[in-house]
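Student: Can we go through this one together? I'd like to start with the strands and then move to the metal.

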Amino acid sequence: MKKLIILGSTGSIGTQALDIVRANPDKYTVTALAAGSNAALLEAQAREFKPVVVALFDEKAADDLKIKLADTDIKVLSGADGVCALATSEGDMVLNAIVGIAGLRPTLAAIEAGKTIALANKETLVTGGEIVNRKLKEKGVKLLPVDSEHSAIFQSLQGAPCGSLKKIILTASGGPFFGKTRNELQNVTVKEALNHPNWSMGAKITIDSATLMNKGLEVIEAVHLFGVPASRIEVTVHRQSILHSAVELSDGAVIAQLGTPDMKLPIQYALTYPERDMCFESLDLFKVGMLTFERPDMDTFRLLPLCIEAINRGGLYPTAINGANEESVKLFLEGKIKFLQIAELNEKAMNMCENKSDFTVEDIFAADAAARAVVRESI
Ligand code: NAD
Ligand code: MG
């Protein structure tokens with residue numbers, strides 16, 4: 001029995017992880033569940049999976065949850081500190097499926113407590129990659145990628161000799177606006193941007209897929225996970241989302257992982273690694289028919305090259321563009337800015353970043369706050 005701590009349990013990844021647990025009651029128990037503010041869903045999850053402890057980031061929602069769960073023995077924590085404390089509570093593995101930089105401190109707390117990490121929260125590595133890697137080494141802790149592309153790269157590298165990785169081929173679906181010109185993107189609506197062709201995901205990552213910011217964040221994530229510079233990561237638009245990414249090894253062999261576009265496989269692989277488990281849906285290549293690969297349009301989708309610039313500059317630049325993006329995506333979803341302004345505001349905030357090469361977690365949060373302020377004050 002593996003004891004799981006799930007952070008972000010009410011979201012897209014979190015609920016799919018619980019689907020896996022539900023399908024395998026003999027393999028997993030859930031010891032802790034945390035989320036942002038959805039008390040009703042967390043109550044239902046707590047009653048079904050009977051964890052020892054739950055937490056909500058939102059204090060008021062946590063008070064509400066305490067009342068709802070008063071007839072149970074389940075402990076209810078609240079706030080950012082509560083979520084971090086829960087990440088270190090009893091359990092073998094922490095699945096971090098929180099959205100945004102809010103996931104960084106819980107990841108660090110869990111590593112500190114010696115827990116194996118299954119990481120969906122890419123913002124953890126985008127902002128704190130250096131510190132996380134240092135801590136993983138120090139504590140001898142394993143971190144397994146859940147992001148589908150990074151899971152595919154990780155799977156493709158199983159058995160590859162150390163030092164044989166030449167190049168990463170990172171695939172992108174292209175999102176709902178692939179092939180569109182800047183002019184055509186002027187007035188796209190929130191509804192159009194949320195209409196992803198292949199994946200059903202949380203709102204923030206869906207907008208990031210439409211701007212290609214998601215692929216930029218994933219380049220940074222791959223740099224930290226696999227220790228290669230961005231210059232050795234090639235982004236290719238693959239509209240079918242069947243080939244989830246590939247690696248080229250020193251002898252020119254290209255190894256890829258293919259499958260239906262379903263996050264359950266990469267979530268499950270992180271939970272069972274190095275073992276393999278049940279199949280949710282077989283890939284029918286005849287149904288797919290054709291796999292295509294195209295270059296991304298870096299002039300129209302500026303956030304991809306800007307993220308590459310951020311990681312090449314290093315230091316706090318990735319944190320700045322990430323923080324600006326969290327703020328501008330929120331404003332776009334609220335209808336307060338236009339689609340193309342997301343990239344403009346992110347670029348402005350990144351360029352105003354006061355960089356430090358040797359930085360602490362506090363510096364990361366200060367850079368995040370400064371970038372968010374630039375965005376808010378620019379509209
Ligand atoms: P989501 O918006 O559906 O869910 C986010 C979860 O985080 C919710 O449970 C929410 O309550 C919780 N949360 C938000 N703020 C919190 C806080 N301060 N403290 C504690 N919990 C908080 O998002 P998602 O689509 O599931 O994505 C989660 C993460 O996984 C993101 O980093 C995303 O980039 C990554 N990811 C998602 C997918 C996908 O298919 N959805 C694929 C790859 C990577
Ligand atoms: Mg991905």
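**Sheet and metal site**

Tutor: L243 stands opposite L258 in β11. This is a predicted model, where local features need pLDDT of at least 70, side-chain atom pairs count only at pLDDT 80 or more, and totals for chains, interfaces and linings use all residues. Residues are numbered from 1 along each chain as its sequence is written, chains are lettered from A and ligands numbered from 1 in the order in which they are written, and side-chain values use heavy atoms, leaving out hydrogens and water.

Student: How many bridges join β10 to β11?

Tutor: β10 (residues 243-249) and β11 run antiparallel, joined by 4 bridges. Strands (E, at least two residues) and helices (H or I, at least four) are DSSP runs numbered from the N terminus, and two strands pair if DSSP finds at least two bridges between them.

Student: What is the strand order in the open sheet?

Tutor: The order is β9-β8-β10-β11, 4 strands with mixed pairing. β9 (233-237) and β11 (254-258) are at the edges with a single partner strand each, so one side of each has no neighbour in the sheet.

Student: New topic. Which residues coordinate the magnesium ion (ligand 2)?

Tutor: D147 (OD), E149 (OE) and E218 (OE) do, at 2.0 to 2.2 Å. Donors are N, O and S atoms within 2.8 Å of the metal (3.2 Å for Na, K and Ca); water is not among the atoms, so sites may look incomplete.

Student: Is E218 buried or exposed?

Tutor: E218 is buried, at 1% relative accessible area. Buried means under 20%, exposed over 50%, and partly exposed in between (1.4 Å probe, protein chains only). E149 is also buried, at 9%.
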